[in-house]
Amino acid sequence: MADTPQPEADENWWRGAVIYQVYPRSFTDGNGDGTGDLSGVRSRLPYLAELGVDALWFNPWYPSPMADGGYDVADYRDVEPVFGTLAEAEKLISEALALGIRTIIDIVPNHVSADHPWFGEALAGGPGSPARERFWFRPGRGEGGELPPNNWPSQFGGPAWTRTVDPDGTPGDWFLNLFDSRQPDLNWNHPDVRAEHEDILRFWFDRGAGGVRIDSAAMVWKDPLLPDLAEDPSAVPHPYIDHDELHDIYRGWRRIADSYPGGRILVGEVWLPDAERFARYLRPDEMHTAFNFDFLACPWEPARLRASIDTTLAAHAPVSAPATWVLCNHDVTRTATRYGRADTGFDFATKAFGVPTDLELGTRRARAAALLTLALPGSVYLYQGEELGLPEAEDIPTDRLQDPMYLRSGGTNPGRDGCRVPLPWAGDVPPFGFGPAGSAEPWLPQPADWAARTAEAQAADPDSMLSLYRAAVRLRAAEPGLGDGPMDWLDTPPEVLAFRRAGGFACVANLAADPAELPPHAELLLASGPLAEDGRLPRDTAVWLRL
């Protein structure tokens, strides 16, 4: 298929882009079956263009049994029928490009679905078959092989191994699944695995994709000896995280991306505490950018935020890569809720039911955080619904929860469904315009009190979160000093985060208990909330200034 031209000729568009994350199941339902789909996204492209974003990142839209929200992929070259068709994906990419919006698709290299043809071949082939070499099949330990091959844990709880059943009905070998038991891990030592994924990249770049986001990018390569995980994993090389062999894989992917015009990009999901190791993935011949999870998980505390910003910029500087900034995604408690809690940081281990939230406080902080984030150097990712200030949906009946994190924890971990609830578009009652009139009930229920949070209601309110985001993204695009480039901290009290960008632009965010003096300035460009009567900046408020 002929390559689809990208908008303009800016090969470096990604260095300062605003990228909007679309979780397809929950964005808009175009056909009325209760699940978001590509026709729904196409109908909302004018909304996204008005928001001013440069690109859309889509969570997986491939055929999948949805054991893990689509991250269990059965076919990388097609579209899940509930979302639409391959032809519709091609139309969506093309229509978005016509509006100047690129498309970034999700690639999941660590594992496939148990429904993937390769895994079916592996099970049918039996122990020792060539088809099993694409995965990690091993005999169990113990006298009868009844114990897993090693002690690796699943990211979703329990062991990372599942035992097969041989054709005669007896227990067989085990296979590795670092996530759900229906997501067998691939063996990246096998040439078929490498060749297949390189071909998948070409398949989507040929259809106009502007880039790929690489899921669990630092977990793909495993120590082939499959040693036990040490009690202190930091004391020895980790058996499946951040191996040097990964870099050769991504250099191959970069060569493919660079062979296409228009600045096709690789974006890594790289969870690493070591900033130097993290930056190695961003060398000029590897990934273009990677998600900044330190900032995402950082609490709303001035010293911690400033340290995170400094550490992030320092880590990216040696490899001349732009930083990325994100407040929330499809895995993380929504910002307005998290910032209204006593513990404003994020950690999967601390997710629990019944945590008290001051939503008014959290929303005020989320508004300030929006301006802070959009003013920082580099690119910004905006998760769908954050521009509406949506809180975490915490009243979903437990019999409606679908996340394997909830199911595999025995019901103790609420999982991630609360940030994946379908978006409210219009109207006074659920489903708030999520689908056409007479549609089926959305796949997850929406809170009944979201009428004031719909896109329609907020578009008519100049003080809404949506209006704030539209104004901020528009100003960001117009300010030559924003996006990629330098920044300098201003001399302020430690509880006030203030920095200067080029062109006399400044951002000031007050996290102190008392109002703060603003630096001398010629113009107030935008504020996350009203100033005090004496002109000072109230607590948990941010402004953009022209100095």
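**Charges over rings**

I started with arginine 207, which lies over the face of phenylalanine 203, 3.7 Å from the ring centre. My rule for a charge over a ring: NZ of Lys or CZ of Arg is within 6 Å of the ring centre and within 35 degrees of the ring normal. I then looked up arginine 25. Its charged end sits over the ring of tryptophan 443, at 3.7 Å from the centre.

A note on the source: this is a predicted model, in which local features need pLDDT of at least 70, side-chain atom pairs count only at pLDDT 80 or more, and totals for chains, interfaces and linings use all residues. Residues are numbered from 1 along each chain as its sequence is written, and side-chain values use heavy atoms, with hydrogens and water left out.

**Aromatic pairs**

I took rings of Phe, Tyr and Trp (its six-membered ring) as paired if their centres lie within 6.5 Å; planes under 30 degrees apart are stacked, over 60 edge-to-face, the rest tilted. The count comes to 31 aromatic pairs. I checked phenylalanine 27 with tryptophan 425: the centres are 5.3 Å apart and the planes are at 85°, so this pair is edge-to-face. The two sit 398 residues apart and link distant parts of the chain. Phenylalanine 27 is in the loop between β1 (18-22) and α1 (38-43), and tryptophan 425 is in the loop between α12 (404-408) and α13 (455-459). Helices (H or I, at least four residues) and strands (E, at least two) are DSSP runs, numbered from the N terminus.

Buried or exposed, I asked of phenylalanine 27? Its relative accessibility is 0%, so phenylalanine 27 is buried. Tryptophan 425 is buried too, at 4%. Buried means under 20% relative accessible area (1.4 Å probe, protein chains only).

Next I looked at tyrosine 250 and tryptophan 253. They pair edge-to-face, 5.5 Å centre to centre, with 85° between the planes. Both lie in helix α6 (residues 245-258), 3 residues apart, about one turn of the helix.

**Largest pocket**

I noted that 40 residues line the largest pocket, and that Val270, Trp271, Leu272, Phe293 and Phe348 lie nearest its centre. A pocket here is an open set of points on a 1 Å grid over the protein atoms alone, where a 1.4 Å probe fits, with protein on both sides within 12 Å along at least five of seven lines; lining residues have an atom within 4 Å of a point.

Key
Buried means under 20% relative accessible area, exposed over 50%, partly exposed in between (1.4 Å probe, protein chains only).
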